[in-house]
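Subject: Structure handover

Hello,

Here is the structure for your files. My notes on it follow below.

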Amino acid sequence: MRDRLVQPLQEILEHAQVLLMETDLEDLQRKFIEGMHSEAYQMFELFISIPDFTWEKAREIVSYESRSHLTSVIGYAEELLEAPETVLAPDQRERVQFIHARGRLLLNRLTEMLD
């Protein structure tokens, strides 16, 4: 069960790290990507900190906090994709779209498990 949640987070972190290594990012873009990375990392830490990952224990810990982190990740990605002042190179856009899609997938999985 933990893998269903951790694996998409690891993918989000990997793509955000690649984006952060880009040298042609504008300040606003860098801040959004740093925000995505930070929120995903906090959520990752939360998931791996649960000693016996039974869903009952996890539900208490992750229900509100994880949704909050995910909402931030998705929001940063949407802002990068939609804001006219944040023009991305094609490969950067693909990575942000990937992060957005993984964030949505993870949110759906969490909602499924929590409801």
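Predicted model: local features only at pLDDT ≥ 70, side-chain atom pairs only at ≥ 80, totals over all residues.

Residues are numbered from 1 along each chain as its sequence is written, and side-chain values use heavy atoms, with hydrogens and water left out.

The protein has 4 helices and 0 strands (DSSP runs, H or I of at least four residues for helices, E of at least two for strands, numbered from the N terminus). Of its 115 residues, 43% are buried (under 20% relative accessible area with a 1.4 Å probe, protein chains only).

Helix α1 (residues 2–20) packs against helix α2 (residues 27–48) at an angle of about 155°, with the axes 9 Å apart (axes are lines fitted to C-alpha atoms over the stretch in contact, and angles run from 0 to 180 degrees between N-to-C directions). That makes α1 roughly antiparallel to α2 (an angle over 145 degrees).

In the contact (heavy atoms within 4.5 Å), α1 residues including Leu5, Leu9 and Leu13 meet α2 residues including Ile33, Ala40 and Phe44. The residues of this contact divide into 15 nonpolar, 3 polar and 3 charged (Ala, Val, Leu, Ile, Met, Phe, Trp, Tyr, Cys and Pro are nonpolar; Asp, Glu, Lys and Arg are charged; the others, Gly among them, are polar).

Among the buried residues of α2 are Ile33, His37, Ala40, Phe44 and Phe47.

Regards

Note on methods. Parallel < 35°, antiparallel > 145°, perpendicular 65-115°, else oblique. Buried < 20%, exposed > 50% of the residue type's maximum accessible area, 1.4 Å probe, protein only.
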